[in-house]
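Me: Could you walk me through this protein, one piece at a time? I'd like to look at it while we talk.

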Amino acid sequence: MDATTFPDVVELNIGGKLVTTLLATLRKDPESMLAAMFSGRHVISKDKDGRFFIDCDVNLFGHILNFLRFGTLPPKEKALEIYDIAVYFNLQPLVHSLDNYHAVQYRRRIVEMRNNLDMQEYESLKKDALEQLYIHCARPEDDIIVLFVRNVRCQAECVGGRRDFDLFNALKGKFKVVLLKSNIKEKEMKFYIANTLNEMGFGKYIYIDKHVPLYFECRRCWVRADTSNTALLSLKLQ
């Protein structure tokens, strides 16, 4: 198809919905896939009515068009979805703008963490955490505290392997507590575990990245333990 055959006003079928825009808008970023598609160098699929078809969610694509028209950035809650579409269409100015959004930076950090984790240890800790949450009947609205505890011993660990503890401080009764016995020191592993639980729908976290004096006791043998040397990890992800 020759470029001169495109009308100035282009009718598009975006995921089954009619969208009308200017040819100049679609070509505004000369390095983008959209500009290439409507340059005349490529064959574009059409629907039965002769409209050019783009397989994309129409509401998300509207943000792409508004950026090309006016430079308007999407709301933060749409940042990740629009970022992925911007990458797909090679809209680098939009990609660079969205790089400053917290959600985009956060996801990139999670991906980088995963590439550097001991995945065998991660899977073991995740399994332990999920078992405890199911035992506690945790709900999405519950706040969760994840404690990584080193070298805690009591009779409860000898009875079915369960660690059944009460926190007897200001946290008691306010949070679901997940107690993971681990010697890991990497903040990335702790952060990734918390992120995993959040993505699975287990509530919000509040992040405190320092050693804090917390005390708990086992409900079975009433052995008291001091976690002063244990990092309390809670992470506010929502």
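Me: What share of the contacts with a separation of 6 or more comes from residues 24 or more positions apart?

Reply: Of the contacts in the protein with a separation of 6 or more, 68% are between residues 24 or more positions apart, where contact means heavy atoms within 4.5 Å. Please keep in mind that this is a predicted model, in which local features need pLDDT of at least 70 and side-chain atom pairs count only at pLDDT 80 or more, while totals for chains, interfaces and linings use all residues. Residues are numbered from 1 along each chain as its sequence is written, and side-chain values use heavy atoms, with hydrogens and water left out.

Me: OK, and how many helices and strands are there?

Reply: The protein has eight helices and nine strands, both taken as DSSP runs numbered from the N terminus, with helices being H or I of at least four residues and strands being E of at least two.

Me: What is the order of the strands in the open sheet?

Reply: The open sheet has three strands in the order S2-S1-S3, and its pairing is mixed; two strands pair if DSSP finds at least two bridges between them. S2 and strand S3 (52-54) are the edge strands, each with a single partner strand, so one side of each has no neighbour in the sheet. From one strand to the next the twist averages 35 degrees, with angles running from 0 to 180 degrees between N-to-C directions and axes being lines fitted to C-alpha atoms, for helices over the stretch in contact.

Me: How do S1 and S2 run, parallel or antiparallel?

Reply: Strand S1 (residues 9-14) and strand S2 (residues 17-22) run antiparallel and are joined by six bridges. Along this pair, Val9 stands opposite Leu22, and Val10 has Thr21 as its bridge partner. The hairpin of S1 and S2 has two residues between the strands, and Gly15 in that hairpin takes a positive phi near 60 degrees.

Me: And how many bridges join S1 to S3?

Reply: Three bridges join S1 to S3, and these two strands run parallel. In this pair Leu12 stands opposite Phe52, while the bridge partner of Ile14 in S3 is Ile54.

Me: Which helix lies across those strands?

Reply: H3 lies across S1, S2 and S3, and H3 runs at about 5 degrees to S2.

Me: Where does H3 go relative to H4, then?

Reply: The axes of helix H3 (residues 58-70) and helix H4 (residues 79-88) come within 10 Å and cross at roughly 70 degrees. That makes H3 roughly perpendicular to H4, since angles of 65 to 115 degrees count as roughly perpendicular, under 35 as roughly parallel, over 145 as roughly antiparallel and the rest as oblique. In this contact, Leu60, His63 and Ile64 of H3 meet Glu81, Ile82, Ile85 and Ala86 of H4.

Me: What about H4 and H6, at what angle do they cross?

Reply: The axes of H4 and H6 come within 8 Å and cross at roughly 75 degrees, which makes H4 roughly perpendicular to H6. On the H4 side the contact is made by Ala79, Leu80, Tyr83 and Asp84, and on the H6 side by Ala103, Val104, Arg107 and Arg108.

Me: Last one: where is Asn90 found?

Reply: Asn90 is found in the loop between H4 and helix H5 (92-98), and Asn90 is partly exposed, with a relative accessible area of 31%. The phi of Asn90 is near 55 degrees, a positive value in a residue other than glycine.

Terms used
Buried < 20%, exposed > 50% of the residue type's maximum accessible area, 1.4 Å probe, protein only.
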